Amino acid sequence: QVQLVESGGGLVQPGGSLRLSCTASGIIFRIYDMGWYRQAPGKQRELVATITTGGRTMNAHSVKGRFTISRDNTKNTVYLQMNSLKLEDTAVYYCNATANRDYWGQGTQVTVSS
């Protein structure tokens, strides 16, 4: 059974930082491109950042310079370091694994509020 389990979400003030983690089981992690997506209330799910099996990263324009995606294949885990958080970063953040199939985590809530 494939599972992607996110953690690290929470409440943070504007300008603060959080690190999200997503640990995968049931898949050969190293052959999957990994990504983080988010969905704010009333909005569509949007891409935040991706990292390929070879370590190439891509960030959405809205988070460039603030968020960093990384992966540790020895731990089957992908991370999202989020710095300089803004109110508009508030959303449920989802982990995605893509290869021959697509898998999603259950999401973790990130709330940026003063």
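Predicted model: local features only at pLDDT ≥ 70, side-chain atom pairs only at ≥ 80, totals over all residues.
Which residue's side chain meets that of Asp89 in a salt bridge of 2.7 Å, N to O? The partner is Arg66.

**The charged side chains**

Side chains of opposite charge can pair when their charged atoms come close.

| Salt bridge | N to O distance |
|---|---|
| Arg38 and Glu46 | 2.6 Å |
| Asp89 and Arg38 | 2.9 Å |
| Asp89 and Arg66 | 2.7 Å |

Through shared partners, these salt bridges join Arg38, Glu46, Arg66 and Asp89 into one network. Asp89 is in the loop between strand S8 (77-82) and strand S9 (91-98), while Arg38 is in strand S4, and the two are 51 residues apart. Asp89 also pairs with Arg66. Arg66 lies in the loop between strand S6 (57-59) and strand S7 (67-72), and Asp89 in the loop between S8 and S9, so this pair ties together parts that are 23 residues apart in sequence.

Arg38 is buried at 6%, and Arg66 is buried at 9%. Glu46, at 36% relative accessibility, counts as partly exposed.

**The aromatic rings**

Now for the rings. A pair of aromatic rings is described by the distance of the centres and the angle of the planes. The structure holds two aromatic pairs. In one, the ring centres of Tyr32 and Tyr103 are 6.1 Å apart and the planes stand at 50°, so the pair is tilted. This pair links distant parts of the chain: Tyr32 is in the loop between strand S3 (18-25) and strand S4 (33-39), and Tyr103 is in strand S10 (residues 102-104), 71 residues apart. Tyr32 is buried, with a relative accessible area of 6%, and Tyr103 is buried at 16%.

Tyr37 and Trp104 form an edge-to-face pair, with 4.9 Å centre to centre and 65° between the planes. Because Tyr37 lies in strand S4 and Trp104 in strand S10, the pair ties together parts that are 67 residues apart in sequence. Trp104 counts as partly exposed, at 35% relative accessibility.

**A charge over two rings**

Over which ring does the charged end of Arg45 sit, 3.7 Å from its centre? That ring belongs to Tyr94. The charged end of Arg45 also sits over the ring of Trp104, 4.7 Å from its centre.

Notes
Residues numbered from 1 in each chain as written. Heavy atoms only, no water. Phe/Tyr/Trp six-rings, centres within 6.5 Å; stacked < 30°, edge-to-face > 60°. Helix = DSSP H or I, 4+ residues; strand = E, 2+ residues; numbered from the N terminus. Buried < 20%, exposed > 50% of the residue type's maximum accessible area, 1.4 Å probe, protein only. Lys NZ or Arg CZ within 6 Å of the ring centre and 35° of its normal. Salt bridge = Lys/Arg side-chain N within 4 Å of Asp/Glu carboxyl O.
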